[in-house]
Each structure stands twice: as C-alpha cells, then as structure tokens.
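Here is a report on side-chain pairings in one protein chain.

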Amino acid sequence: MVGQLDTHTLGFVDKLQCTVQTYAWGNPTAIPELLGVPPSGEPQAEMWMGAHPKAPSTLVSSGVSLDEHIAADPTAALGPATAERFGRLPYLFKVLAAGKPLSIQAHPSLEQAKAGFAREDAAGIALDAFTRTYRDDNHKPEMICALTPFVGRCGFRALAATRSLFGDLIATQPDSPLLVEIGDRLAAAGADGDVLADVLAWLLRLDNNDTAPLVAATVAGARIVVDAGDSEWTEEFTWCERMNAEFPSDIGVVVALLLNHVVLEPGQAFFLGAGNLHAYLDGVGVELMANSDNVVRGGLTPKHIDVEELLAVVDCTPIDPPVQSPSGAVHTFDASVPEFALTRIELAAAGVPATVVGPEIVIVTEGAAILTGAMERVELNGGEVAFVAASDGDYTISGSGTAFRATVNG
C-alpha cells in the first residue's frame, strides 16, 4: 500500500512526526482536527515541523530526529549550497492555531540577535531562564498564510489615521488625562515614525499605577464607540474588550491600537521582517520562519517582557498592511530573505513538478497528496508532513486539496 512504503529504505521522502506545543493561547481543537486525532483538552498552539533543537521533528521510518539526520550528512540532506551557507536547516515550519491573542512582539535583525545572545550569555543568563530574551543567535523573519480567517495586528498604521482613531476614543473619555496625553503626543511635530516611537516608548514605560486607569478608559471608550455603530474603527475597538478580558489592565491593549488591523482570508499571507511590531489574535495558519525562537515581547503575555530591548529592536515607520494574495493554483509568496520561501499548492491529478534545490518540508492541510520521485512515491494525507532531502531529487506532487511547500529561497 502506497501510504505504508518504507521511505527510509527506498531513499526517498521521509514522513515526519512533529511536536505540538501546548502554549496557553492555543486553540484546543484546530490542530487535532488537522491531524485527525481527538482533542486532549489542552490548548494546542503550534505544530513544529523542522530541526530546531527545542523540538525537532522525528523521521517516522527510523525514529531519528531531523537535526541528527541532517548532521549525519549535511550535504546530502541540505544540498551543497545550503550546507555551506547555513550548516543546518535554515527555516522552521509551523502550523499555528491561535484561540487567544498572542503577545505584542517584534523579532530582531541577525546582527541584533547575535549581539543579544552573546550579551545574555556573558551575563550568565541560562538559556531556559524566564528572563532570557535571546534563545539563539539567529534572526526570525516570518511569514504566515491563513488556513481560516486569521486576525492580527501588523506594523504601525499611518500616523494621520492613528490620530483619527485616538481622536474618536478621546472624544468619549475627555476626562482621562492619559488618553489626552496620547492625543497630544500623536499631534506633535516630527517624522511620523519618530512621533509613533515616542508614543510607544511612553506607553511601555508607564508606571503600573497609570496603566490600569489608562486601559480602563480605553476599554470604556472603545465600548461606547462600538455601541454607537458608526465608526471606521469598529473592528479595532471591538478587540479592546477581548484583549483586556485575557490580560486585564495590560498596556498591550492600548499599544495594539497603534498597529494595522489585518484580517487574512484563507490563502492570503503576510511577511514580517525584523522590527515589525505585531500580534496574532485569532485563527489558524501555516507559518514559516528562519530557524529561531527569538521573540522580544512588550505586552499581552505572562512571559518575560523586555521593554528596552523591544524599543531597540522595533521599527515604528508606518506601513500599509503587507497582505499577499495567491495568484493561480501554485503560488510562491514573496519573502525577502534567503532562508525560506513558502509555496501554496492547490493539488490536482495532473501534478505539479517540484525542482529540488535544497531541503524541503511539505504538509498537506486538506485532502491528500502523492509525491512521486524517479522511482518511488509517497502518499500524504491531511495533516501529514514529509521531509525531502536535497539528494532525493526532483519530484511531482499531485492529488486533491491543498498542500504547502517550505523551501530555501534560491
């Protein structure tokens, strides 16, 4: 039977057993449904597909972890170019299922990650310490493609629009001196990014005694605007109550109002480079990133918050929401980094040729796929994952449903 081929013996595509991370913000049912297993009752946040040492995938055929498999013969697994440039699998692939808002966060550049990792090592901060910000020395640009409607905040909104949003909010709470202070700071002269950077720094450095009344006024004002039903900011304000319910009096409730509100429809994606302040709020998607777990947080989390490091990392220059929509049955999204590229494939019986230039990971998110090499083939059902070594060679992917292909970007 095709689905029972011993792929390790055949020397073609290895199926992977992947670790599911049970972070508190996870959706308890989405990943189990994808995998066709009953929910455990725990939040199922992320399924990691890759060779990150924190949770490497395992080859089903041999029980060997993917990082060990690659280390045994990097040239065969990665290809000569990838092995020479990176020396390891350069990306981490995930299924992400958000049932609650994730933290307000940004990721460092490669230079910032190397410096931060070395600095915390020199300070004697253990890798697993709560106060550790840099878990490795790599950057973490990332891309997410929606499997369901996916809600998030991404990058700073245009300053004029943010002035309008807070103007509507302040009009409902004119006796809140802290909201009025935000309005005054937003109205200041200067480059847009500098003005927003000043507001962000002021918010994140507020004393806890000021944070609670500011968030309370923000939530109360947002409710008034939503109930009035005539604001262009209804979606942004609706989320204030939900964020505050999960993280009472957290300054992230206010900081999130500085950012673009984005709703991805299934198949749409966005790419986040270094310094992009963002928060995922709700939905399921496939996420592809450089092989790193470096997150610098500023709110909406019980985890370590490093305000000064976040302010050093974040880029407050306003941007338009960077939404990408697929064009055609096979679409590779634009990611301006060498570590990874993400391709979405609407499977068909005729098949799509796949030219292998480095290590690949393939997941089927709907239906079933058949990967056919020169002499063998492997079937992947919904939720199943495969590793294609560079030495496995070109193949064709066919079937019905939807698959995603993670590759190096080159």
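A residue counts as buried when its relative accessible area is under 20%, and as exposed over 50%; partly exposed falls in between. The model is predicted. Phe270 has a relative accessible area of 1%, so this residue is buried.

**Aromatic pairs**

The structure holds four aromatic pairs. One of them joins Phe270 and Tyr280. The rings are tilted, with 6.2 Å centre to centre and 45° between the planes. Phe270 belongs to strand β10 (residues 269–272) and Tyr280 to strand β11 (residues 278–290), so the pair ties together parts ten residues apart in sequence. Tyr280 is buried too, at 3% relative accessibility.

A second pair is formed by Phe271 and Phe340. This pair is also tilted: 6.3 Å centre to centre, 50° between the planes. Phe271 sits in strand β10, while Phe340 sits in the loop between β14 (330–332) and β15 (341–347), so the pair ties together parts 69 residues apart in sequence. Phe271 and Phe340 are both buried.

Which residues make up one aromatic cluster? They are Phe150, Phe270 and Tyr280. Elsewhere, a charge meets a ring: Lys303 lies over the face of Tyr23, at 4.5 Å from the ring centre.

**Salt bridges**

Side chains of opposite charge can pair when their charged atoms come close. A search of the whole structure finds 16 salt bridges. The table lists three of them.

| Salt bridge | Closest N to O | Locations |
|---|---|---|
| Arg223–Glu241 | 2.6 Å | Arg223: helix α10 (residues 208–228); Glu241: helix α11 (residues 234–246) |
| Glu360–Arg405 | 2.7 Å | Glu360: strand β17 (residues 360–372); Arg405: strand β20 |

Each pair has its own setting. Arg132 is buried, at 2% relative accessibility. Asp121 is partly exposed, with a relative accessible area of 40%.

Arg223 and Glu241 are 18 residues apart in sequence. Arg223 is partly exposed, at 30% relative accessible area. Glu241 is partly exposed as well, at 36%.

Glu360 and Arg405 form a salt bridge that links distant parts of the chain, 45 residues apart. Are Glu360 and Arg405 buried or exposed? Both are buried. Salt bridges that share partners also build a network, which joins Glu120, Asp121 and Arg132.

**A buried Asp without a salt bridge**

Asp392 lies in the loop between β19 (385–388) and β20 (395–407). Asp392 is buried, yet has no salt bridge. How far away is the nearest side chain of opposite charge? That side chain is Arg405, 12 Å away. A salt bridge needs a nitrogen within 4 Å of a carboxyl oxygen, so Arg405 does not qualify as a partner at 12 Å. Instead, the side chain of Asp392 reaches the backbone nitrogen of Ala389 at 2.9 Å.

**A buried Ser**

Ser65 lies in the loop between β4 (58–59) and α3 (66–72). At 12% relative accessibility, Ser65 is buried. Its side chain makes a polar contact with the side chain of Asp67, at 2.4 Å. Leaving aside residues up to four places away in sequence, Ser65 touches Pro56, Ser57, Thr58 and Leu59.

Technical notes
Residues are numbered from 1 along each chain as its sequence is written. This is a predicted model: local features need pLDDT of at least 70, side-chain atom pairs count only at pLDDT 80 or more; totals for chains, interfaces and linings use all residues. Side-chain values use heavy atoms; hydrogens and water are left out. Rings of Phe, Tyr and Trp (its six-membered ring) pair if their centres lie within 6.5 Å; planes under 30 degrees apart count as stacked, over 60 as edge-to-face and the rest as tilted. Helices (H or I, at least four residues) and strands (E, at least two) are DSSP runs, numbered from the N terminus. Buried means under 20% relative accessible area, exposed over 50%, partly exposed in between (1.4 Å probe, protein chains only). A charge sits over a ring if NZ of Lys or CZ of Arg is within 6 Å of the ring centre and within 35 degrees of the ring normal. A polar contact is a pair of N or O atoms within 3.5 Å; within protein, one must be able to donate a hydrogen and the other to accept it, and residues adjacent in sequence count only if both atoms are side-chain atoms. Contact means heavy atoms within 4.5 Å. Lys and Arg count as positive and Asp and Glu as negative; His and the chain ends are not counted.
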